[in-house]
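Here is a friendly briefing to read alongside the structure. Please keep the sequence and the model open as you go through the points.

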Amino acid sequence: DGSHSIDRCMSVTERTLHAVFNELVAQGVALDGIILKPNMVISGKDATDRASCEEVAELTLACFKRTVPAAVPGIAFLSGGQGDEEATTNLDAISRLIGREGAPWQVTYSYGRALVATALKAWGGSPGNVDKAQQVLVERSRLTSAARQGKYSSLA
């Protein structure tokens, strides 16, 4: 939320991740036994110049390569208030960039709102809409899983 630029998000995310990993090391946490659940580096919802999914991917991967130790086995991105389509598109762009450039960790998603928002809207609290809502949830899950593999298409 907010009107911050993607550059501001990058700066804050980088400082935060440095602090988190410094403290994890200081406390003797085995980094090879954790899954990091961070935000993506994105512009605020109200920013006048929202970053493209390609820019989100570039800055997110650059930030994480500088701050997340290779010992960490996985990163499970949170949707962080992004809509379902935006979260899926950004995840796909990150996955595709990792496919080209490589990364030491596996990347996946831990979406709540971005998976269920459309299904909840389709359901609308009506028992008669349960089947439709379930179909919408399955489809959103399929599309997001494709994005995790860098194989998303809005037409998929």
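Let's start with Ser95, which sits in helix H3; helices (H or I, at least four residues) and strands (E, at least two) are DSSP runs, numbered from the N terminus. This is a predicted model, in which local features need pLDDT of at least 70 and side-chain atom pairs count only at pLDDT 80 or more, while totals for chains, interfaces and linings use all residues. Residues are numbered from 1 along each chain as its sequence is written, and side-chain values use heavy atoms, with hydrogens and water left out.

- Ser95 counts as buried, with a relative accessibility of 11%; buried means under 20% relative accessible area, exposed over 50%, and partly exposed in between (1.4 Å probe, protein chains only).
- Leaving aside neighbours within four places in sequence, Ser95 is in contact with Ala147, Arg148, Gln149 and Gly150, where contact means heavy atoms within 4.5 Å.
- Helix H3 has 18 residues and reaches 26 Å from its first C-alpha to its last, close to the expected 26 Å at 1.5 Å a residue; the expected span is 1.5 Å times one less than the number of residues.
- The buried residues of H3 include Ala87, Asn90, Ala93, Ile94, Leu97 and Ile98.
- Packed against the buried residues of H3 are helix H2 (53-67), strand E2 (74-77), strand E3 (106-109), helix H4 (113-123) and H5.
- Just after H3 comes Gly102, with a positive phi of about 85 degrees.

**How H3 meets H5**

- At what angle do helix H3 (residues 84-101) and helix H5 (residues 130-148) pack? The angle is about 25 degrees, and the axes are 7 Å apart; axes are lines fitted to C-alpha atoms, for helices over the stretch in contact, and angles run from 0 to 180 degrees between N-to-C directions.
- That makes H3 roughly parallel to H5, since angles under 35 degrees count as roughly parallel, over 145 as roughly antiparallel, 65 to 115 as roughly perpendicular and the rest as oblique.
- H3 brings Asp84, Glu85, Thr88, Leu91, Asp92 and Ser95 to the contact, and H5 brings Arg140, Leu143, Thr144, Ala146, Ala147 and Arg148.
- Sorted by class, the contact of H3 with H5 has four nonpolar, three polar and five charged residues; Ala, Val, Leu, Ile, Met, Phe, Trp, Tyr, Cys and Pro count as nonpolar, Asp, Glu, Lys and Arg as charged, and the others, Gly among them, as polar.

**Salt bridges**

- A salt bridge is a side-chain nitrogen of Lys or Arg within 4 Å of a carboxyl oxygen of Asp or Glu, and by this rule the count comes to eight.
- Arg140 and Asp84 form one of these, with their closest N and O atoms 3.7 Å apart.
- This pair links distant parts of the chain, as Arg140 in helix H5 and Asp84 in helix H3 are 56 residues apart.
- Arg140 and Asp84 are both buried, and together with Glu85 they are linked in a network of salt bridges.
- Arg66 forms a salt bridge with Glu14, and the closest N and O atoms are 3.0 Å apart.
- Arg66 lies in helix H2 and Glu14 in helix H1 (residues 6-26), so the pair ties together parts that are 52 residues apart in sequence.
- Arg66 or Glu14: which is buried, and which is partly exposed? Arg66 counts as partly exposed at 46% relative accessibility, whereas Glu14 counts as buried at 18%.
- Glu139 pairs with Arg142 in a salt bridge whose closest N and O atoms are 2.7 Å apart.
- Glu139 and Arg142 are three residues apart in helix H5, so about one helical turn separates them.
- Glu139 counts as partly exposed at 32% relative accessibility, and Arg142 is partly exposed at 38%.

**Helix H2**

- H2 has 15 residues and spans 21 Å from its first C-alpha to its last, close to the 21 Å expected at 1.5 Å a residue.
- Among the buried residues of H2 are Cys53, Val56, Leu59, Cys63 and Phe64.
- The cover over the buried residues of H2 includes H1, strand E1 (35-36), E2 and H3.

**Ala119 in H4**

- Ala119 has its place in helix H4 and counts as buried at 7% relative accessibility.
- Not counting residues up to four places away in sequence, Ala119 touches Ala133, Val136 and Leu137.
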